[in-house]
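Hi,

Here is the structure I said I'd pass on to you. Have a look at it first, and then read on for what turned up.

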Amino acid sequence: MQTKTMQTQSIQSSGGMEKELKSLKPAQPIFIVVGLVLVVFAFCLPFLLPGGRLGNYYMTELLRTTVFCFATLGLTVGMGYAGQISLAQAAFFGLGAYSLASTTVLFGLPYWAGVVLALVIPVVTGLFLGAISLRLVTHYLALVTIGFQIIIQLVLHNWKGVTGGADGLSSIPRPFGIEDAKWFYWFCLAVLFLCILFVYRLKHSRLGRALFALREDELAASVAGVDLFKTKMLAFAICSTLGGIGGALYASGYGYISPDVFIFEQSVTFFAMLITGGADSIIGALVGTILLTWLPEWLRSFKEYYLAIYGGLIIVFLIFLPNGIWGVVSGLYGRLIKKKSRGGSPEKAGAIKFVEGKSLSYLEQANAATPIREDQVIFEVKGLKKHFGGVKAVDGVNFNVKKGDIHVLIGPNGSGKTTVINVLSGIYTATEGIVKYREKEITNHKPHLIVQMGAARTFQNIRLFPELSVIDNVMIGQHTRTKANLFHVMLNSRSAREEERKIRARAEEALAFVGFDNYFEKVKNLSYGQQRLVEIARALAAEPDLLFLDEPAAGMNPEETQELIKLIKRMNELGITMLLIEHDMQLVSQVADYITVLDFGKKISEGSVEQVLNDPEVIKAYLGEEFVRAET
Ligand SMILES: Nc1ncnc2c1ncn2[C@@H]1O[C@H](COP(=O)(O)OP(=O)(O)OP(=O)(O)O)[C@@H](O)[C@H]1O
């Protein structure tokens with residue numbers, strides 16, 4: 001008989017919630033000022049350059065710097081945000097350049113038709129590269145992109161009918177009305193400004209957070225609801241598009257292109273520009289591009305040594321400034337701000353503190369709409385097997401989880417509990433068996449689809465996004481509940497802004513519910529217990545009706561465990577069903593409605609706390625006689 005009723009506490013009005021909203025990032029007016037000064041300075045540069053032939057030379061260099069900024073901006077998204085290493089940016093740059101040049105010079109198409117192709121061809125090629133390298137990470141991905149770069153180089157050299165071969169293509173037009181060098185430079189600046197605005201908006205959108213989640217931890221991202229395939233493709237598409245735009249503008253600006261510009265060395269230079277400036281920052285990409293474009297010019301007076309000095313400086317930057325120049329500047333600024341706002345004593349990550357009385361209005365509302373039916377089964381596991389070669393980690397397990405229950409899986413180490421949850425949450429594919437969630441078969445569904453249906457999880461060894469702030473970590477949990485797409489982000493539409501406010505309000509509510517308010521601290525600086533809370537808050541932000549908690553009390557002291565018990569009960573009172581793995585029998589006996597016991601991958605017992613704790617087979621396999629004596 002289902003005895004639980006949901007506590008219906010007062011539901012905050014959305015207006016009330018909005019009033020409580022705090023800003024996502026501390027306002028950093030100095031960066032806006034720096035940005036504006038740079039824009040004005042860049043605009044005025046043609047007037048500041050020396051005249052005569054030298055003026056033309058500087059103008060050309062200025063244009064080169066500007067178009068290179070597109071390529072590094074693309075890498076900011078692909079590598080800095082999404083962590084997808086690419087050593088093929090010069091290839092995309094070349095594809096943009098040749099798409100425009102070939103269509104206008106060789107095939108006589110209008111300029112803007114060439115521009116469209118210069119957008120489409122790099123995107124399609126980028127998506128192709130993304131699709132074939134989907135499962136690859138770090139050096140493997142880097143190797144594939146190098147291979148791709150070399151293929152494009154060969155194509156540019158040898159497909160003479162379309163590329164002009166080693167001679168290249170000349171007389172590439174500029175857009176009508178802006179043929180003059182100064183005007184074309186300003187045109188490039190305007191396009192660059194729009195691209196920067198887009199990349200900035202992307203960073204602060206649900207898509208941007210998904211990219212960062214992908215970079216930080218793919219597995220955690222997928223169980224937080226991020227579709228890894230779509231997100232990687234998005235990263236590759238944006239990276240290659242921006243490279244392509246830069247290439248098209250380069251071709252127009254110079255009027256002549258040949259394959260030797262779009263070579264592997266140039267891809268490495270783009271890579272170095274990004275790393276030197278700061279990989280995940282827009283300003284960093286710009287600073288790195290400006291520095292490494294002009295540095296060879298400034299070092300030319302050192303004659304034959306200049307290349308060695310140039311290379312040496314890059315190595316020094318990479319070794320001593322791993323976050324790039326802008327990483328150092330913003331880090332120093334951040335520390336200064338922290339000191340000022342906290343009277344010189346930065347808040348230390350300390351013991352966890354739970355806050356009672358807070359509610360989760362969005363979950364109360366959702367769950368109030370679906371009242372619990374008597375004995376309703378929410379989750380069914382039938383004949384589940386998961387074998388790793390000869391290891392039968394799970395071997396024909398059956399159990400049902402009733403709606404509203406706290407169902408606990410116990411068993412000795414290595415009995416297959418985590419493997420069961422990994423299969424149920426989509427991380428492992430089942431060797432055999434059926435899993436049904438709300439009467440729908442979900443066996444071997446991808447993790448993000450299972451979260452979308454309403455089943456979120458936490459990990460035994462906590463999997464968060466360490467370089468991101470607490471609030472960003474939790475906001476990622478809302479990914480499957482929201483839908484702003486690339487166009488909404490680009491246009492900064494009203495619906496996208498409203499959705500972003502909602503995401504933040506819910507993330508703040510989830511954090512308040514678990515008793516955490518240090519929003520802007522990077523997760524890597526938190527204590528273990530605090531990270532556990534943030535992980536639970538991220539799962540709550542996914543608006544679950546079922547939670548898988550894998551050993552939530554692991555690493556907690558007895559006081560913290562008592563607080564955790566209260567938290568588990570409060571989540572359950574919100575209507576959340578739970579499937580919990582736990583070794584702490586104090587916790588289990590205080591929260592469990594039903595227990596399933598595993599041993600060597602098989603179910604050996606199930607029932608109420610009393611039934612299971614008195615089952616001789618469970619005592620023999622898991623609890624031991626000492627436990628029974630201590631309990632009686
Ligand atoms: N990815 C894997 N590859 C190979 N073997 C695995 C893998 N994951 C788990 N196993 C094996 O499956 C068995 C069950 O492991 P599992 O982690 O599910 O046990 P558990 O009951 O959760 O243990 P614990 O309580 O220590 O967390 C173990 O023998 C383990 O070594």
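Keep in mind that this is a predicted model. Let's start with the sheet: six strands form an open sheet in the order 8-9-10-5-11-12, and the pairing is mixed. At its edges sit strand 8 (455-457) and strand 12 (602-607), each of which pairs on one side only. Going from one strand to the next, the twist averages 20 degrees.

At the strand 12 end, you'll see that strand 12 pairs with strand 11 (residues 594-599) in the antiparallel sense, over five bridges. Helix 26 (residues 616-623) lies across strand 5 (406-410), strand 11 and strand 12, and runs at about 125 degrees to strand 12.

Now for the ligand. The residues around it are Phe388, Val391, Ala393, Gly411, Asn413, Gly414, Ser415, Gly416, Lys417, Thr418, Thr419 and Gln460. Two or more of these residues come from strand 4 (391-402), and likewise from helix 17 (417-424). Which element gives the largest share of the shell? That's helix 17, with three residues. By type, the shell divides into eight polar residues, three nonpolar and one charged.

Zooming out, the protein has 27 helices and twelve strands. Of its 632 residues, 45% are buried. Looking at contacts with a separation of 6 or more, 76% are between residues 24 or more positions apart.

Cheers

How values were computed: Residues are numbered from 1 along each chain as its sequence is written. This is a predicted model: local features need pLDDT of at least 70, side-chain atom pairs count only at pLDDT 80 or more; totals for chains, interfaces and linings use all residues. Helices (H or I, at least four residues) and strands (E, at least two) are DSSP runs, numbered from the N terminus. A residue is buried if 20 or more other C-beta atoms lie within 10 Å of its own, exposed if 12 or fewer, and partly exposed in between; C-beta atoms are placed from the backbone. Two residues are in contact if their C-beta atoms, placed from the backbone, lie within 7 Å. A residue is near a molecule or strand if its C-beta atom, placed from the backbone, lies within 6 Å of it. Ala, Val, Leu, Ile, Met, Phe, Trp, Tyr, Cys and Pro count as nonpolar, Asp, Glu, Lys and Arg as charged, and the others, Gly among them, as polar. Two strands pair if DSSP finds at least two bridges between them. Axes are lines fitted to C-alpha atoms, for helices over the stretch in contact, and angles run from 0 to 180 degrees between N-to-C directions.
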